[in-house]
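Dear colleague,

I am passing on the structure we spoke about, and my notes follow below it. Please read them with the model open beside you.

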Amino acid sequence: MRIAVFGASGPTGRLLTDQALAAGHEVVAVTRRAGSVAERPGLAVVVGDATDPAAVAAAIGGTEAVLSVLGVPFGKETVTTYSVSATAITKAMARQGVGRLLAVSSSVADPDWRPSGAHFFNHVLDPLVNRRLGRTVHADMRRMEATVRRTDLDWTLVRPSGLFEHPVVTDFHTAETSADGLFTARTDLAASMLRELEERRYVRTAMGVITTAVRPNMARLLWNEGVKKK
Ligand SMILES: NC(=O)c1ccc[n+]([C@@H]2O[C@H](COP(=O)([O-])OP(=O)(O)OC[C@H]3O[C@@H](n4cnc5c(N)ncnc54)[C@H](OP(=O)(O)O)[C@@H]3O)[C@@H](O)[C@H]2O)c1
């Protein structure tokens with residue numbers, strides 16, 4: 001299948017691109033930074049902003065599916081990237097007859113997501129980190145979700161929990177609406193999207209995805225996500 005990947009230069013996007021190429025897909029990798037995605041057979045790199053309708057239309061031409069893993073760091077400022085890119089992508093898809101969309105959101109977008117047994121997370125970290133520091137990001141993810149839901153596309157909203165690095169794909173778990181767990185390896189997030197592309201189990205609904213086989217090293221996760229990524 002020929003697929004467009006938005007956010008292809010990011011930590012999940014790179015894994016998704018690698019896994020998609022390894023599975024025999026052709027990938028159109030969309031990035032704002034020329035040279036940030038290594039050229040390889042089966043891969044076409046398109047430089048453009050996902051919020052720019054003309055750039056988006058050019059990127060998705062001739063594809064059969066669009067996978068969006070683009071993201072914005074937490075901050076105080078109002079975030080619009082998720083919702084504005086969702087509008088550009090879904091309009092271009094409808095116009096060009098590209099039917100299948102998988103867009104990454106977050107477990108936090110499910111208002112009822114409270115992982116079981118995670119008392120410290122549910123009562124301290126989630127209110128502080130996700131509902132406060134991540135407020136503007138999650139507000140825009142919810143706008144993106146609403147935009148996607150209003151379309152006639154075959155969409156899947158993909159909701160991972162806290163992302164961490166793990167070298168291999170594990171026996172990840174998916175569930176409708178959201179999954180009962182705190183963490184998702186980026187390798188598993190990418191693999192779950194490609195599996196859903198084939199299986200179509202969560203069309204026109206949200207798919208939670210979590211990693212249960214391994215847990216992240218918390219010191220490394222805080223360093224990678226909180227310090228190094230800033
Ligand atoms: N971190 C977590 O714990 C967590 C939890 C739940 C969900 N998520 C979500 O999971 C997804 C993947 O996260 P990640 O950490 O792998 O990636 P990320 O670092 O959040 O972002 C990936 C890429 O998005 C691209 N991007 C941003 N704005 C863009 C724009 N206007 N046009 C085109 N590309 C744009 C950037 O690439 P260029 O600069 O090259 O364009 C960036 O490398 C994100 O949507 C994130 O919000 C994260």
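Are E196 and R100 buried or exposed? Both E196 and R100 are buried, where buried means under 20% relative accessible area, exposed over 50%, and partly exposed in between (1.4 Å probe, protein chains only). The two residues form a salt bridge whose closest N and O atoms are 2.9 Å apart, a salt bridge being a side-chain nitrogen of Lys or Arg within 4 Å of a carboxyl oxygen of Asp or Glu. This pair joins distant parts of the chain, with E196 in helix α6 (residues 186-199) and R100 in strand β5, 96 residues apart. Helices (H or I, at least four residues) and strands (E, at least two) are DSSP runs, numbered from the N terminus.

Before going further, please note that this is a predicted model, in which local features need pLDDT of at least 70 and side-chain atom pairs count only at pLDDT 80 or more, while totals for chains, interfaces and linings use all residues. Residues are numbered from 1 along each chain as its sequence is written, and side-chain values use heavy atoms, with hydrogens and water left out.

The chain has a mean pLDDT of 95, and 98% of its residues reach 70 or more; pLDDT is the predictor's confidence in each residue, from 0 to 100. Among the elements, strand β6 (residues 154-160) has the highest mean value (99) and helix α7 (residues 218-228) the lowest (76).

By the rule above, the count comes to 9 salt bridges. One of them pairs D140 with R143, with the closest N and O atoms 3.0 Å apart; because these residues are 3 apart in helix α5, about one helical turn separates them. D140 counts as buried at 0% relative accessibility, whereas R143, at 37%, counts as partly exposed. Another joins R195 to E199 at 3.8 Å between the closest N and O atoms, and these two, 4 residues apart in helix α6, are likewise separated by about one helical turn.

With best wishes
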